[in-house]
Amino acid sequence: MRIAVVGAGPSGLVAAKYAIENGYVCDIFEQTGSLGGNWVYNENTNDVHVQSSVYKDLVTNIPKELMTYSDYHYPTTVKESYITHDQVLAYHHGYAEKFGLNKHIQYYTRVERITSIECDKWLLVVQNLETETETTGQYDCVFVCNGRFKDGFIPTIPGQSLFKGRQMHSHTFRVIDPYKEQSVLIVGGQHSGQDICGLICRIAKHVYVSSREVLQGVFPPNVSQKTEVTKFTEDGVVFGDGSVEHIDSVIYCTGYFYTCSFLTESCGVRVENNGVAPLYKQIVNIEHPTMFFIGLPYLGASNITFDLQVRFAMAAFQEKFKLPSKSEMLEEWDVFLQNKSKDNVPRKHTHRLGDGKSSTSYSEDLASTAKITRIPNVISKLYERVVLRNRARYYYRIIDDETFEEIIPSYEMQYHMKLRIAVIGAGPAGLVSAKYALQKSYECDVFEQTGSLGGNWVYSEGEGGSEVQSSIYKDLVVNVPKEIMTYSDHHYPITLKESYIAHHHVLEYYQSYAEMFGLNKIIMYHMRVTQVNPMEHNQWLLKVKNLKTNTETSTCYDCVFVCNGRFKDGYIPKIPGQNLFNGSQIHSHAFRVTDPYKGQRVLIVGGHHSGQDIATLICKVANHVYISSREELKVVVPDNLTQKPEVTGFTKCSALFNDGSMEQIDSVVYCSGYLYTCPFLTERCGVKVENNGIAPLYKQIVNIEHPTMFFIALPYVGIGPTTFDLQVRFAMELLEEKFKLPSKEAMLEEWEKFLEMKHKENVPKKHIHRIDNGRAAEIYAEDLAVTANVFKLPPVLFKIFERVLLKRDRMNYRIIDDENFEVTIP
């Protein structure tokens, strides 16, 4: 006996597999050049052979565990449940190979007509699309498996012909590139509409989704749900609520027409209301019960349902059970339609199964009627769970016929899926973040708004503008020894003997670090991150502005390292009379050279490290330097340097101090610290920039609300790069789930205790992140290392730091081992 299968997609392959297993001669007619049906990706949507609706970045919206046949499973190497279209296609190729189906498939062969002949046999006329010749064949049975995702339905809306922008159905959507910086309307908010929206919003200016149903999942701020479209204008749309939006393009995610153009009237069935009628169990042609339709009921566990339908059909064809009479089957069909009507199901959705219970009832009915093996209960349970999870893409593992395991995707799993990491800033903290990201084989983009790596160590003679992020001045020499300014795996050249080095040596060190670890190729210069927003699954949408072209793009990342530094926005305290003073007033951020202060009387406001260093330099050319400081100076004081108490006011040419004294001055340099800013963080990020820092954070690193955002280098401490290195290693261990975060409540409680401790120690709120002694730095570093189970920083670093703070005598240091160092006179 001969069986014809129309279509080599998922339903056609399983139909052919059972036909061949049962000893029938089987011909599979496939009008394209590939098996797999809707899972074959083709960029050329104008190709007449393109039947697929698959787009480039498509990931399945149900787990693969619901997309298998009963006797063939995905490779164990495919760990994730929500997989790419090419993985699904590879699965179907594997199925065809295993069961020897390839030799039965006739490619580029389109079924033109099917006619019923005597004895419920069938005459098929098929055309070879390559030779344009027709042949005719007689078959004992026909399986119609031509799929339902080819002919897109576009609703008729007033004004469509007036709209000057692009209009297309999702069937021809392939890539997001054409929608860059556009305002896009998506009509239809079911699965494909929401999935395509989630992709396009990464690069579009704004996406509007016209949907009757509430969108599921978390979408970024550039996505808005709208009511139904009532009409189009030349450049926009009007919605049912009266609102009007300007749009550039429209994508209709509005479903499909089911078509069977090859069925003739003699077949005894009608294609109507987006389905086929009348059918017994939505499979059997009642008029001629040797024609079977596979894959009409949609939603739910597809392949395993096709498998069951084919087994049902084979049992009917082989008369292993007796079909009811024609009148009884027609009566059952009418009852089926009446029930759909009572449930308020539109006629165009007659074949839609809906929820897990509907799928279970349907499959159990087929199994009991044909007395064949039923679909395991675990499939319907899993489907119900997936629907309940509202598109949360967990991992699933089927344990037995009743039980499955649900796994929240771990960071280690995401690691194997090649995480995308964004690093904001190419300074010391950003470089080490990028280095570890590359070492872990993650995809990494580093956004740097200036034209150079190195952050604060890039010297620029300019005193402002978007390009100037640095506070480095021409004669700057570091105020801590280079021995505690290194990463864990990269050191200064041995030819550089002195410990206190010029700024250009430091920059060269970072440049060599980037060269050594291949970081230059992933740094995008003149790129400013303007907005960061959380998305579902703790992912992030970054809006980035190209400062050269003045254009913006949006991209999605799995993780963000915030490394934007803290030495850009200088803080100038408000002091009475500032506006009256006639002399020069600048913040140390803009200080570059001493020449302007030659012969002047200069006031330095602030006596911490930079204040003392700048005062010492200016003393070389100035008439006199006054330094207003609460702290005792730890430098050798020249004769023309005088320490003064707090400034209480200014006059046109003098400064008043709180001891009642007054000094004539010509210029003021404010060495009064910096304001920490993160202008790109939105409220939805779950952290606040307050009191010159970020809150709340776990270990001053992890965003508690969204723990895939890390802040590197917030604690400011003399042991800079080594501490940044440790912080990044802490974050990477967390990403790979090498240790588990405490609960959100526990992390918030720890943060509150941290703040209480700072308060008890009389630390001003603006210095929450400051670590100002070696012991405190060591305690912080040890806590990170123990928590993440990573190697600790050598104690010798903290010992050197403690001595530096105590002595400030600018000696040379040499590290002997992890515990010991030696000091020599330069």
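The structure is a predicted model, in which local features need pLDDT of at least 70, side-chain atom pairs count only at pLDDT 80 or more, and totals for chains, interfaces and linings use all residues. Residues are numbered from 1 along each chain as its sequence is written, and side-chain values use heavy atoms, with hydrogens and water left out.

**Strand E40**

- Strand E40 spans residues 667–670; strands (E, at least two residues) and helices (H or I, at least four) are DSSP runs numbered from the N terminus.
- Ser667 and Val669 point one way from E40, while Val668 and Tyr670 point the other way.
- All four of these residues are buried, that is, under 20% relative accessible area with a 1.4 Å probe and protein chains only, where exposed is over 50% and partly exposed lies in between.
- E40 pairs in the parallel sense with strand E33 (residues 584–587) over 4 bridges, pairing requiring at least two DSSP bridges between two strands.
- In the E33 pairing, Gln585 stands opposite Val668.
- Strand E34 (residues 601–605) also pairs with E40 in the parallel sense, over 4 bridges, and Ile604 stands opposite Val669.

**Salt bridges**

- The whole structure contains 38 salt bridges, each a side-chain nitrogen of Lys or Arg within 4 Å of a carboxyl oxygen of Asp or Glu.
- Lys226 forms a salt bridge with Glu245, with the closest N and O atoms 3.4 Å apart.
- This pair links strand E12 (residues 223–226) to strand E15 (residues 244–246), 19 residues apart.
- Lys226 counts as buried because its relative accessibility is 12%.
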